[in-house]
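Please look through the sequence and the 3D structure below before reading on.

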Number of protein chains: 4
Amino acid sequence: MIVVMQAGAEEKEIQGVVARLEKEGFKVHLSRGTLRTVIGAIGDKTRLEHQALEAMPGVEKVIPILKPYKLAAREFKPENTIVEVGKFKVGGPEIHIIAGPCAVESREQLLETAHAVREAGATMLRGGAFKPRTSPYSFQGLAERGLKLLAEAREETGLAIVTEVTDQTKAEAVAQVADVLQIGSRNMQNFALLKTIACLGKPVLLKRGLSATIEEWLLAAEYILAEGNFKVILCERGIRTFETYTRNTLDLSALVAVKQLSHLPVLADPSHGTGKKELVIPLARAAIAAGADGLLIEVHPKPENALSDGPQSLRPEEFFSLVKEVVGIAKVLGRSLGRIPA
Amino acid sequence: MIVVMQAGAEEKEIQGVVARLEKEGFKVHLSRGTLRTVIGAIGDKTRLEHQALEAMPGVEKVIPILKPYKLAAREFKPENTIVEVGKFKVGGPEIHIIAGPCAVESREQLLETAHAVREAGATMLRGGAFKPRTSPYSFQGLAERGLKLLAEAREETGLAIVTEVTDQTKAEAVAQVADVLQIGSRNMQNFALLKTIACLGKPVLLKRGLSATIEEWLLAAEYILAEGNFKVILCERGIRTFETYTRNTLDLSALVAVKQLSHLPVLADPSHGTGKKELVIPLARAAIAAGADGLLIEVHPKPENALSDGPQSLRPEEFFSLVKEVVGIAKVLGRSLGRIPA
Amino acid sequence: MIVVMQAGAEEKEIQGVVARLEKEGFKVHLSRGTLRTVIGAIGDKTRLEHQALEAMPGVEKVIPILKPYKLAAREFKPENTIVEVGKFKVGGPEIHIIAGPCAVESREQLLETAHAVREAGATMLRGGAFKPRTSPYSFQGLAERGLKLLAEAREETGLAIVTEVTDQTKAEAVAQVADVLQIGSRNMQNFALLKTIACLGKPVLLKRGLSATIEEWLLAAEYILAEGNFKVILCERGIRTFETYTRNTLDLSALVAVKQLSHLPVLADPSHGTGKKELVIPLARAAIAAGADGLLIEVHPKPENALSDGPQSLRPEEFFSLVKEVVGIAKVLGRSLGRIPA
Amino acid sequence: MIVVMQAGAEEKEIQGVVARLEKEGFKVHLSRGTLRTVIGAIGDKTRLEHQALEAMPGVEKVIPILKPYKLAAREFKPENTIVEVGKFKVGGPEIHIIAGPCAVESREQLLETAHAVREAGATMLRGGAFKPRTSPYSFQGLAERGLKLLAEAREETGLAIVTEVTDQTKAEAVAQVADVLQIGSRNMQNFALLKTIACLGKPVLLKRGLSATIEEWLLAAEYILAEGNFKVILCERGIRTFETYTRNTLDLSALVAVKQLSHLPVLADPSHGTGKKELVIPLARAAIAAGADGLLIEVHPKPENALSDGPQSLRPEEFFSLVKEVVGIAKVLGRSLGRIPA
């Protein structure tokens, strides 16, 4: 790490920082410029010391050099991680599409959607049984009954089930049904929940928080990896910016950056990423062109009756077009669509 | 609500929206402009219909007119809510200062800080026993032992205890010690946690999320109010913006707006709001001048040894100055400092 | 427009708004809800009245219904606008790539780059002669000498010249050389400059401002269109967000949205959009997959010697790969690369 | 500056960077960590090299240590700069209030406002003759006629005139009337305009750009200072964030930070900073409490007839209250209100 001293730092203050660094086992280099003294410190330390040093008298700022995440870093594991979800391999040459309604609303709605997305080419079914809603007065999901319907949909179609965990006390119940446990944006830094689900041994789909930096996102993944669960799939779903025409700003630069910084697979969710169904297909193409390992797409048989996220949900026939277009792009990159074996 | 039809919407689509609105009990007004038809709908409905309507063919957008929060709105309760914390009244003419370390680190650190802030004029002691940290490798708090030390500090000083709940399964344990349960920024939309603590009956300090709009913040409060717990104290602690010189951007406009929109008391946290101790005192003055009902301030006897948030922590003597300056501002507004009775 | 009255608005206030609207020629619809009265006003008016109305007693907010831009809207002109730059047609089935150095630095640097990008498939050469730099101490461009070198490069290669105008008093001099006048992000709302260059009759490349909404961007285009110059090419170049790993956040959702809202061609600039050369190629692919009409790419023969933007500049061989990859994506969408006729 | 090499950087690449730094006159320190080599370079250089170095093979990032602005820094000039506007001294112990309408609309409107704000305690009159408007269809100001009215208002009241320059070709005409030349947010990085007006020798009021960092703001000031004009007054007027309830987010943390980083006086504009008149007075108090050297306030005799910014304009009687409240706060900080000598 680099410690930049204030312009007028006294010799005593400089020596204080040096002494402390050496006491904590760092090798220290001192560079005295005309205006400022800069102290380089070599050693393997966490951010903790970073903040404490910054509070020492005479210190202007401390600049960390090493990335704070370890297990999530490509430097730790150079080859791509492939997360196995049943027979499906996420992060390999095949792209995978997870599709389905925002929320499980009824048996009919779920099964109709499941059959449609399976036929179009999805390998996994999304659908919330427990919904985190901005307003307490909005539909909160079918809870346990929703889980049962998801299990039934899997049995009927062979689709793997991706569903969100929002409550520590329900995590086990969800894990009994889900093939992939989803952590939503609002819970990306709900560390208690991350630790709880990490231990359940299932693959985790970790969505980027609404205003999470790339570093914070990878540190959230690190919470799961540090529990010994390496089955983490990341998902870029749009960040909050000043632009209000779109619900969020799908950050494909971050998707590409994370593919370079980390070995973990990364999906894109253009449904939440834009909030408008007329933008979903072009952005789905763009995400695959950027190198996404797959997509998360909201599909509803009748978006105008959806209990949530209607405006961003595709109808089955629109989803069918999406898959077709996306497969064309994937081929250019030498990738193909992962499918359920017939 | 107002439904704006697309420029080329067909008569059939317009009638479809009208029929649906009428079916759901709305009174409908149709305005046909040269370019667009606009449908006004009067009735008491939630956002649910909003999204579903937006997904109907021919609809460009739906504009809600009513605020989505009810119990948190000043229209529901015109007079200020006063939250009683033991003998202290938050939200009344007295301002209250909650001070203490970011994390409880040791008996000595906590008690030394507690005595110092009490003497300076604080009525409540803050200190985290369970710390939500961005990195899994950072100090995570003393947990149950931290709670015990907080209880001891209260006994010694008479300060009320404000401490964070991060984990649903620990909520009851925290509530046995805490006088005020704090919900941190990262958990503002952890709705499972909000519901869990709402039922414990204790006052709740609800910090604004890092990128939460005013409306989302008040809806998070609504989750607690809707469980019958009206003892909610809001706290503005800075939002995430493009500016990186400060850790966050303390949004005092939001503080003033929320005081107007809601009846709930609102505090400011200039420590997290700026991340730099040299900015804390001027922003504390500003917050009180803007009309804050109190402050949340990080104080540490030796910030350079703090296990977290050292750079934004005041030393006891700096906190002493802060209180003095803040009291001067409060007087101009006809307010005084709430104190522990001698 | 819709005027939402405050919850407690008096009848007198409501009638005041109605009277004013009627006086200004609006047809008025009154909707009295339980909580609020809402006034719908039909008529063709500018935002001016919007703000004045909002300042009337009893008014809570005014919601405009019509888009404030007219000439830039697809509703005004449903078919795509094709901007002719010499023999090249931007906005048609062919995509066009504008490439070159950030700044013109020397004859050798410019000609070497020009030949390389022409060979790789670019049809236009970018290069700044007047550079808007954040610091007054940074290289400000070769000015008139840079313009001469650009003219020479065109003569040698047949590439059209795209260069930035930063100064009203230099606009004519630039227009004598440039085939396309670029307005940079920082000047997107420099309305005096927009009006000045609009009248010069040349095609204009209008970059989106760092923090401009889609609406503000199209209104900036409207300034040029309103002067009778319809040769406007838009360019998405990344917006400012909280994320600092990338220089900007390339907003491809906005690119797709603008293609739908407007008839104007839209390019993407992944060089400024990301600030990191290792992100440029994947994002260039993504932009074309999203539907961009072309790209703006920084290329430098020796990025490590570049006087500006080295870290985001591709070497000629990297640019060659970019074109190849991008052409593959374009084909899937039924588009081909515009080229200089041999 | 600090050069951080990539994890796998080769010795040849490290030596390449060292050789280049030494060639450019830097003293070099090499720190070899287990994972990364870090190169410290001491010498007085601009950012130019920063970018070029970052493009060298093997370099991960370059971290500048010195602030890029020189003349604007408090390190260059430790004592506060006092800008003299006629007999008024901005930046000293007295606070100054600049008030008036957004735009000059008519003789009657301007003179009525001028008399009212003078009486209430303002020393300077604001009012735009040339208005930068988001839409080309909005009122663009009275131009030269507006300037004449401003001159008349000064003659009648003794108020100094603060008015915006938006066009290089009109700068001299504006300077013949104005006592202070205002650069608006949208033009903060219109460097051609900054250079043009710097040379006119008048005091400059430099508003912070909508999404300008503190560093960019001070570098914009540096453009003026570097031309030899040290009469620069900064003005915080709100930044663009995700929050839409307020028009902008008034960033008082930045105001305090800039007072510490620079010697230049800093004002606050809570009218633009919030966009809502009911927020203006509390935020005006807060700004003064934070240490602002004065305020910029929009006042209009009939906000509901204002041709721009009605919703954020105070009526004269409201402005009168504002001054009274603000004076109370100023006293606590040992400051008083600058006034026109009777």
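Predicted model: local features only at pLDDT ≥ 70, side-chain atom pairs only at ≥ 80, totals over all residues.

C:E298 and C:R126 are both buried. As a general point, side chains of opposite charge can pair when their charged atoms come close.

A second salt bridge joins the side chains of C:D251 and C:R208, at 3.0 Å from N to O. C:D251 lies in the loop between β12 (232-236) and α8 (252-261) of chain C, while C:R208 lies in the loop between β11 (204-207) and α7 of chain C, so the pair ties together parts that are 43 residues apart in sequence. Both of these residues, C:D251 and C:R208, are buried.

## A lysine and an aspartate in chain C

Another salt bridge is formed by C:K259 with C:D293, whose closest N and O atoms are 2.6 Å apart. Here too the pair links distant parts of the chain, with C:K259 in helix α8 of chain C and C:D293 in the loop between α10 (277-290) and β14 of chain C, 34 residues apart.

Are C:K259 and C:D293 buried or exposed? A residue counts as buried when its relative accessible area is under 20%. C:K259 has a relative accessibility of 17% and therefore counts as buried, and C:D293, at 2% relative accessibility, counts as buried as well.

## Salt bridges over the whole structure

How many salt bridges does a search of the whole structure find? Over all chains, the search finds 81 salt bridges. Some residues are joined in a network, and one such network of salt bridges links A:R36, A:E60, D:K67 and D:E75.

Helix α11 (residues 316-332) of chain C has 17 residues, and from its first C-alpha to its last it reaches 25 Å, which is close to the 24 Å expected at 1.5 Å a residue. The buried residues of α11(C) are C:F319, C:L322, C:V323, C:V326, C:G328, C:I329 and C:A330. Just after α11(C), C:G334 takes a positive phi of about 75°.

Helix α8 (residues 252-261) of chain B is mostly covered, for nine of its 10 residues are buried. Among the buried residues of α8(B) are B:L252, B:L255, B:V258 and B:K259.

## Where chain A meets chain B

The contact between these two chains takes 51 residues from chain A and 51 residues from chain B. The size of an interface is often given as the accessible area lost when the parts come together. For chain A and chain B, the buried area is about 4200 Å², and carbon and sulfur atoms give 52% of it.

Two salt bridges are counted between chain A and chain B, and A:R240 forms a salt bridge with B:E216, where the closest N and O atoms are 2.7 Å apart. The count of residue pairs in polar contact between chain A and chain B is 24. On the side of chain A that touches chain B, at least two residues each are supplied by α2 (47-54), α6 (191-198) and α7 (214-225) of chain A. The residues on this side of chain A divide into 21 nonpolar, 16 polar and 14 charged.

## Where chain C meets chain D

In this interface, 51 residues of chain C are in contact with 52 residues of chain D. Chain C and chain D bury about 4200 Å² between them, with 52% of that area on carbon and sulfur atoms.

Between chain C and chain D the count is two salt bridges, and the side chains of D:R240 and C:E216 meet in a salt bridge at 2.7 Å, N to O. Across this interface of chain C and chain D, 24 residue pairs are found in polar contact.

## Chain A as a whole

The secondary structure of chain A comes to 11 helices and 15 strands, and its C-alpha trace spans about 75 × 45 × 40 Å along its principal axes. Of the 342 residues of chain A, 67% count as buried.

Key: Residues numbered from 1 in each chain as written. Chains lettered and ligands numbered in written order. Heavy atoms only, no water. Helix = DSSP H or I, 4+ residues; strand = E, 2+ residues; numbered from the N terminus. Expected span 1.5 Å × (residues − 1). Buried < 20%, exposed > 50% of the residue type's maximum accessible area, 1.4 Å probe, protein only. Contact = heavy atoms within 4.5 Å. Buried area = accessible area lost by both parts, 1.4 Å probe. Salt bridge = Lys/Arg side-chain N within 4 Å of Asp/Glu carboxyl O. Polar contact = N/O pair within 3.5 Å; in protein donor to acceptor, adjacent residues only side chain to side chain. Nonpolar A, V, L, I, M, F, W, Y, C, P; charged D, E, K, R; others polar.
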